[in-house]
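Hi there,

Here is the structure I promised to pass on to you. Have a look at it first, and then read on for what turned up in it.

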Amino acid sequence: MNPTDITAGQDEAWMARALKLAERGRYTTMPNPRVGCVLVKHGKHLADGYHQRAGEPHAEVHALEAAGEHARGATAYVTLEPCSHQGRTGPCCDALIKAGVARVVVAMQDPNPQVAGRGIARLRDAGVEVRLGCLEADAQVLNAGFVSRMTRGRPRVSLKLAMSLDGRTAMASGESQWITGAEARRDVQRLRAQSCAILTGVDSIIFDNSRLTVRADQLGLDDAEVIARRQPLRVVVDSRLRMPLAAACLSEPGETLVVCVEGSESPRRDALMRSGARVLEMPAGDDGRVDLGALLKWLGDEGGCNELLVETGATLAGALMDACLVDELRLYMAPTLLGSDARGLMALSGIERMAEQRPLEILDIRALGKDWRILARPALAACAEH
């Protein structure tokens, strides 16, 4: 079978296999994208590869090494355009050309400006047949955070909130542990594990002493211990430096970044740094608090953050929603009632009439033990450009 004899249906089947391979890097490749590669020759499977960790060989290299000389004349199915630049590893398009691959099927073009079509052009210039766009939508979803960082300069933001059936997140005192059950908390642990950073407000640290860590014993995954070794960056928005010096998150593995407004009290900043925090000063927004848009830009540009998970209270959650900085809401709803004195889901401003309500698009609803998980995204057209 010649490469040109392969049908679109066969291409999609092999690309689906490559996407499943890429999924194996969901918890380990950041800040790099998740990529899978399958080599096929004469209609038969030849070799697999996927990108496992940043700084290590890319998916194409693993597959080519497994195939050896048999790669000559084969078709490569790659979930992301092969890179064309020299980073910590060599250009993958050159490796495919050198191996003599006859055809390359690519799910999506790389949004990285350093690549952005150059890898495909180099393959075609070398006489390799290239098909682009096979299962592109699935590939986009797999690397939505990487695409966000490359195209918008900021991470993809998931806002996680746990609430009662009457929409309450904590008691009036601030007590909130635990509203949901073990299955929902396990789901949150997996969400933490695939995130580059976790963002919270200082009140969550003050009231709950949140550790904001990935816990291997709660993941329920193979290689949980390995996954939990890479702790996401913990980001605490603390405009006026009220962070307790004995906060539990300061003694956890990984890094805690405390973000305050420019010109904050120097002795307090120094004390936090001695306690193990890294302190970042950011411009103040119109409300005098940390400019959240500027912070997300910093996390994308300087922090290399693809996916940002927000676990916080009503004030910061509402501020992010007001600023149109939330891409997805993950609402965990427990079958219980906390009453009218308990704290609400988020503090949203400017809603006085029904015409000013904030519509959401529901993407998925499913049971997690006794609780329900609702995935939604803001449906406001005004936020589409953010």
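Predicted model: local features only at pLDDT ≥ 70, side-chain atom pairs only at ≥ 80, totals over all residues.

Glu 328 belongs to strand S13. Is Glu 328 buried or exposed? With a relative accessible area of 7%, Glu 328 counts as buried, because the cut-off for that is under 20%. A second polar contact links the side chain of Glu 328 to the side chain of Ser 158, at 3.2 Å. Leaving aside residues up to four places away in sequence, Glu 328 touches Arg 156, Val 157, Ser 158, Leu 159 and Ala 376.

Glu 328 also turns up in a pocket. The second largest pocket has a volume of about 720 Å³. Its lining is made by 29 residues, and those closest to the pocket centre are Arg 26, Arg 156, Gln 194, Glu 328 and Arg 330. Which elements give two or more residues to that lining? They are helix H5 (136–142), helix H6 (144–152), S6, H7, S12, S13, S15 and S16.

Val 157, one of the residues touched by Glu 328, has Leu 308 of S12 opposite it.

On one side, S4 pairs with strand S3 (residues 75–78) in the parallel sense, over four bridges. Ala 76 has Val 104 in S4 as its bridge partner. S4 is also joined by four bridges to strand S5 (residues 129–132), and these two run parallel. Here Val 106 stands opposite Leu 132 of S5. Where do the S4 side chains go? Arg 103 and Val 105 point one way, Val 104 and Val 106 point the other way, and all of them are buried.

Two further spots may interest you:

- Thr 169 is in strand S7 (residues 168–170). Thr 169 is buried, because its relative accessible area of 15% falls under the 20% cut-off. The Thr 169 side chain reaches the backbone oxygen of Gly 344 at 3.3 Å.
- Helix H12 (residues 292–301) has as its buried residues Leu 292, Leu 295, Leu 296, Trp 298, Leu 299 and Gly 300. A turn of an α-helix takes 3.6 residues, so residues three or four places apart point the same way. At the start of H12, a side-chain oxygen of Asp 291 comes to within 3.1 Å of the backbone nitrogen of Gly 293.

Happy browsing, and do write back with any questions.

Best wishes

Notes
Residues numbered from 1 in each chain as written. Heavy atoms only, no water. Buried < 20%, exposed > 50% of the residue type's maximum accessible area, 1.4 Å probe, protein only. Polar contact = N/O pair within 3.5 Å; in protein donor to acceptor, adjacent residues only side chain to side chain. Pairing = 2+ DSSP bridges. 1 Å grid on protein atoms, 1.4 Å probe; cavity = no way out; pocket = protein on both sides within 12 Å on 5 of 7 lines; lining within 4 Å. Points joined across faces, edges and corners; volume = space filled by probe spheres on them. Contact = heavy atoms within 4.5 Å.
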